[in-house]
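Student: Please take one part of this structure and go through it closely. I would like the criteria stated along with the description.

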2 protein chains.
Amino acid sequence: MEVIVHKYGGTSVGTPDKIRNVARRVKEVKDNGYEVVVIVSAMGHTTDELIDLMNKVTDNPDPREYDMLVSTGEQVSAALLAMALQAQGCPAVSLTGGQAGVVTEDIYKKARIKDIKLDRIKKELKAGKVVVVTGFQGVDSQGDIITIGRGGSDTSAVAIAAALHAQVCDIYTDVDGVYTTDPRICPDAKKLKYVSYEEMLELASLGAQVLHPRSVECASIYNMVIHLRSSQKEIEGTYIMSPERIIEEGGKMEKKEAVRGIALDENIAKIGIFKVPDKPGTAARLFGALAADKINVDMIVQSIHTAGSQADMAFTVDKPDLKKAVAITEKIAKELGAEGVVSDSDVSKVSLVGIGMVSQPGTASKMFAALSGEKINIQMISTSEIKVSCIIKAEQGKQAVQLLHKAFGLDKVA
Amino acid sequence: MEVIVHKYGGTSVGTPDKIRNVARRVKEVKDNGYEVVVIVSAMGHTTDELIDLMNKVTDNPDPREYDMLVSTGEQVSAALLAMALQAQGCPAVSLTGGQAGVVTEDIYKKARIKDIKLDRIKKELKAGKVVVVTGFQGVDSQGDIITIGRGGSDTSAVAIAAALHAQVCDIYTDVDGVYTTDPRICPDAKKLKYVSYEEMLELASLGAQVLHPRSVECASIYNMVIHLRSSQKEIEGTYIMSPERIIEEGGKMEKKEAVRGIALDENIAKIGIFKVPDKPGTAARLFGALAADKINVDMIVQSIHTAGSQADMAFTVDKPDLKKAVAITEKIAKELGAEGVVSDSDVSKVSLVGIGMVSQPGTASKMFAALSGEKINIQMISTSEIKVSCIIKAEQGKQAVQLLHKAFGLDKVA
């Protein structure tokens, strides 16, 4: 029997009514002769409420206890969904990450999934039950509860779908697909039928937060098709798959557009170090220290300083990590004999993403021209084969997205 | 190093402030050189809120999913208490029932604790940590979460204290001890310094709901002293121990009083069966069927009917079980050829409890006289060596307690 994996986000299971609605959709799939595994997030704002409660108890929560606390949110929604299914006459069982065999690294709050031991899931599927699994969590070798980072339920879903060799992993959410840019910023943004993993990865990393980046990475490793779709409307969403598969599926037409989408990331901050003595190993030392503290560094720009063998470096981190990152950077800067460290959290990153950009060299310069035409100053630039990102002032972010969306004709995508 | 076991109920950990307060008390004990294990209930009304949520999803929840759902309440409070301890500089770790090695029977919602595998608790104590354990739950042989019935956190605490060979199990609650009767009914009720297991068991079973009966039973099996005390006021509460130990501790004086306390149980309902053919095995068949459905039957009264070899039987069950119990009783009554079944949920049970009653035969008749003197009609009577219970009309319950409290001089206990 073919296995279907569904994932429902927090908004989709936010109320008892919505949970019953999800149960109805899941039951339909089961009744059509499939084995169904459902991964759920915590209801609505549960995780935030638990964190609020925590903040009233301590300023400095232990990561282990944090995981113990927040993992309860998914346990509640999983149990309720299993009950809702049973109430509709559909046999079901809920499993915690640990019971479902999700084994993670021994790193609290941000662990990666190491393995999925399928015995229990397979046993329950064989017994004719829909299996509801708590997203966002697993257990370590000691049996302690470990969460895999916020938004990690997407990753749980893809990993479980891959382990079960499912055809597709349906991720239900409160948007109905991937758009050329955020429709709240550009009302004429268009929904895309197909997006490649690489493009989605860039879009997700860059602030189009419909899907957790790690889930896309995981899907690309296992070549798992993700169908990102609405939990409210019964319409097709966006398929995230390999470029080869997109072409097979008849998505050739879209390759014509060099730029597939525009993303805005308002959750970043910029750090600069001046006059770092230009010796081998300096970058490794700085970014090694940041990585050791699990700080994600995104854009890195280094330029040789004109006066002598010194370099200026600049990089971006997530806003919540800024304070910690600055402290580490200042310490390393001192050790390296650099002149000073500055930081700025009043910035945004606007990015063009598209596989087609590889073969269309003029894209970046067209972007710079469009921005400067509207007096938007570019503070940092970073390019890869499928994207161009610019750091600009935070207050100009939305304007930049709107003008680029138009400049690259994305308002006219079929 | 000596181990101290504390248990804090839902009211005591009801808010972040209260959790910090509990942490302060626990840290004091730890700082005095003890190893400390703390068992916690869910915060305030969390369990009821989860059940409300559940009732909006289904009328007929699966017991397995019920346990999965409600067990999250204790996980939240345990994690928060561990964080609060850490914030006060006291190393701590929270453990779920499963992680703490609490193994139960494979019966959802009402399991008994089978075993406590102490490896993890001992390891954490050895590492110098306060161990916070979720009350009310364990895991079965399959690793599924099992709760042990409402109020079961008391039982968790006593079982863990017994397994650790603790000197005493301190149960902190929102009352400051055991009183001669409910002070809300009798303002002149007096706090008792010592109560024997048997008396406490009767008092708890009979509606003085300060302590879960099963926890007292468990304590009596392992001869574990329970110190029931206030989580708000730092004063001594009531010690629950064996009669021998009470005498050792200088509690002899209290043996003089035949009646130690008066309890009112308003959570009961009465079922009667008329003209049951008086054959061997009829009682076993009826009460066996009720027991098979986990319905607790309390008082049972049987009287030979005057006309022929037929008996009338009456018994009481917990109010929430009434509907189910009546259905079972009607089915069995039909099979047995009984004439009919009646039920009444508008009743209360008032009871006198005291070890001294064994040697004071006039107690029961004094009780009946006191009740009839105030025109309170007695519907059923049941006596044991240490208690006398009467079923009366619900509306007369409080009045009965007040007049008996006075009649037996409990308002004058030192």
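**A sheet and its helices in chain B**

Tutor: Helix H13 (residues 397-407) of chain B lies across E15, E20 and E22 of chain B, and runs at about 15° to E20(B). Helices (H or I, at least four residues) and strands (E, at least two) are DSSP runs, numbered from the N terminus. Contact here means that C-beta atoms, placed from the backbone, lie within 7 Å. Axes are lines fitted to C-alpha atoms, for helices over the stretch in contact, with angles running from 0 to 180 degrees between N-to-C directions.

The model is predicted: local features need pLDDT of at least 70, side-chain atom pairs count only at pLDDT 80 or more, and totals for chains, interfaces and linings use all residues. Residues are numbered from 1 along each chain as its sequence is written, while chains are lettered from A and ligands numbered from 1 in the order in which they are written.

The strands belong to an open sheet of 4, in the order E15-E20-E22-E21 (chain B), with antiparallel pairing; two strands pair if DSSP finds at least two bridges between them. Strand E15 (261-265) and strand E21 (380-383) of chain B are at the edges with a single partner strand each, so one side of each has no neighbour in the sheet. On average, neighbouring strands of this sheet are turned by 15° against each other, direction ignored.

E15(B) is joined to strand E20 (residues 347-353) of chain B by 5 bridges, and the two run antiparallel. Asp265(B) stands opposite Lys349(B) in E20(B). Helix H12 (residues 363-373) of chain B also packs on the sheet, where it touches E20, E21 and strand E22 (387-393) of chain B. The direction of H12(B) makes about 20° with that of E22(B).

Technical notes:
Contact = placed C-beta atoms within 7 Å.
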